[in-house]
Amino acid sequence: METSIQAKEAMSMHQKAENLILQKQKATVAIALSIANDKKLIENIENKKIPSKYYEELVKNLSESTLYKNVWIQVLDKDATSLYRSWSDKKGDNLLDIREDLLEAIKSKKITCSISVGKFNLSIKAIVPVFKNEKFIGIIEVISHFNSISKNLKKSKTDSIVVVAKKEYKKQLTNPFTKLFIDDYYVANFDAPKELMKYLEDNGIENYFNDDYKIENGYIITSHELLDIKNAPIAYLIMFKKISNISSVDLDFYVYKWFTIGIIILMSIAIIIIAVMFYIYTRDKDYYKDIIDTSKNMIIVHDKNGMKQVNRTFFKYFSMYSSLEEFKKEHNYICDFFIDEDGYLQKNIDGIEWVKAVVQNSEQHHKVKLKIGDKEYYFSVSASIVSQESNHIAIIMSNISEQEKYKNELEHLSITDSLTGIGNRRYFQQKIEEETLRAKRYVNPLSLIIFDVDHFKKVNDKYGHNVGDEVLKEYTKLVASMLRTNDIFCRIGGEEFIIILPHATKDDAKSIAEKLRVKIQESKKIIPITMSFGVVEYIKGEDSEAIFKRADQALYKAKDSGRNIVVTG
């Protein structure tokens with residue numbers, strides 16, 4: 001029982017770390033996006049003159065009013081030539097040859113968020129392309145680090161040490177920000193406890209570079225892997241929690257904080273609108289309708305028969321109608337335009353009409369996705385009863401399309417391997433947990449195929465990393481073309497891949513793996529390669545970690561048995 005509690009606590013520590021890192025990435029991207037949308041920045045990039053005082057003030061404000069006590073900003077032109085750095089007077093140097101992430105951002109014109117090691121620190125870097133009239137003109141980069149993450153872990157009585165994964169980075173860190181090292185491994189957070197750093201040094205820090213948890217010296221010790229833009233381990237967030245501090249309740253500070261703020265804002269809007277709508281029905285209707293019409297939000301009044309009144313903003317979106325009467329000839333409810341998608345409001349929620357569900361659950365943050373004509377919109381929705389007697393309900397819909405677009409894009413980035421376009425390790429971990437639970441609940445077969453490129457280091461050494469990347473991309477396409485629609489294909493390491501096969505027995509999976517092995521060997525695209533495969537089937541009662549370990553062991557057996565074969569476990 002005690003071991004089970006400790007295992008769950010270690011898993012909870014992992015989840016909390018992952019949530020905090022994702023929140024920090026989102027927040028860093030949000031800062032970069034807000035700067036990228038500043039008209040002054042667009043002018044500055046076009047003129048190639050960046051007023052340093054303006055951005056120094058911005059960094060100062062971030063330090064004083066947010067958790068970002070250390071944040072850096074870099075502005076670059078469309079060719080990745082630096083126009084401004086908040087941490088240095090140096091500018092005019094081109095970074096294309098030394099910054100792969102910038103090259104990728106210029107090629108894709110998409111937002112990227114990565115973890116990397118530079119001259120100063122291990123950092124979270126958000127890169128946002130800047131456009132003027134849809135023309136790409138430059139890049140804004142916002143850089144943050146891991147101090148706020150370690151501080152938030154401390155709130156749940158978890159100490160942490162962020163350690164770069166290779167000693168070789170010490171040469172690259174010419175001006176290390178923290179000046180902290182454990183046996184030549186750089187430590188990236190200022191508040192790393194000295195006694196725990198000494199403990200890692202005495203016990204061999206490399207022994208903690210894995211996802212397993214250990215019970216040592218009265219602590220649960222577990223490490224969370226940090227991946228670079230190529231999905232390779234670049235650092236480890238090593239966490240320590242005293243066994244005596246294990247609690248059944250461990251609130252996620254970030255999620256709680258921002259969720260609460262969001263609810264307060266939504267409720268404040270709702271209260272203001274309710275008050276105004278009350279006056280509509282009790283005093284001068286025309287005067288207060290003018291006030292409502294100035295709102296940028298869509299405001300709709302419902303009664304038991306449907307939509308009774310809308311404001312002017314409503315017709316900004318439903319421009320094909322000139323009046324509510326014209327709208328109601330074809331639709332009695334706005335929910336006719338709802339897109340049925342997980343995470344968003346639907347016409348009926350557990351048998352309850354959507355309006356009533358929003359009113360009854362006013363403390364929740366409700367979102368809806370609408371398709372109007374050929375455009376899709378996202379709205380935040382709140383609703384309150386204006387009059388019990390007449391059953392009038394005021395609905396406020398705030399356009400959050402831009403926020404949702406960037407959030408969805410960031411979430412997609414967080415689960416997608418940037419090189420191959422398939423799922424990454426984080427996505428695999430989400431899906432394997434879902435599929436093992438489903439297999440356990442419904443007693444369906446579930447199998448895994450894990451495989452990697454034989455002698456891939458020799459490929460990189462002989463042909464170069466660019467050819468190595470092309471090999472990974474080309475053979476990813478080949479494998480993907482041979483899978484079923486519901487199979488889940490992920491890259492979980494440098495040259496290591498995994499396939500989750502729902503409703504497939506071990507024999508089914510072995511047959512698929514053998515077909516893949518032969519097809520890969522025969523392909524010879526880019527350069528001839530072979531791959532080794534490990535295949536396992538879910539055993540009733542085991543968790544996601546256990547089935548993955550068995551698959552990994554089967555792959556090792558394939559390697560030890562001469563490679564280019566399929567081994568079942």
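This is a predicted model: local features need pLDDT of at least 70, side-chain atom pairs count only at pLDDT 80 or more; totals for chains, interfaces and linings use all residues.

User: Where is His 331, and is His 331 buried or exposed?

Analyst: Burial is read from relative accessibility, with buried meaning under 20%. His 331 has 17%, so it counts as buried. It sits in the loop that links helix H11 (324-328) to strand E14 (348-349).

User: Which side chains make a polar contact with His 331?

Analyst: Polar contacts are read from distances between N or O atoms. The side chain of His 331 has one of 3.1 Å with that of Asp 336, and one of 3.5 Å with that of Tyr 321. Beyond four places in sequence, the residues in contact with His 331 are Tyr 321, Asp 336 and Phe 337.

User: How is the order of strands in the open sheet read, and which strands stand at the edges?

Analyst: Strand order follows from which strands pair. Here five strands form an open sheet, E20-E21-E19-E22-E23, with mixed pairing. From one strand to the next, the twist averages 20°.

User: How many bridges join E19 to E22, and which helices pack on the sheet?

Analyst: E19 (446-453) and E22 (531-537) run antiparallel and are joined by seven bridges. In this pair, Ser 447 is opposite Glu 537. Helix H18 (544-560) packs on the sheet, touching E19, E21, E22 and E23, at about 145° to E22. Helix H17 (506-523) lies across E19, E21, E22 and E23, at about 170° to E22.

Note on methods. Residues are numbered from 1 along each chain as its sequence is written. Side-chain values use heavy atoms; hydrogens and water are left out. Helices (H or I, at least four residues) and strands (E, at least two) are DSSP runs, numbered from the N terminus. Buried means under 20% relative accessible area, exposed over 50%, partly exposed in between (1.4 Å probe, protein chains only). A polar contact is a pair of N or O atoms within 3.5 Å; within protein, one must be able to donate a hydrogen and the other to accept it, and residues adjacent in sequence count only if both atoms are side-chain atoms. Contact means heavy atoms within 4.5 Å. Two strands pair if DSSP finds at least two bridges between them. Axes are lines fitted to C-alpha atoms, for helices over the stretch in contact, and angles run from 0 to 180 degrees between N-to-C directions.
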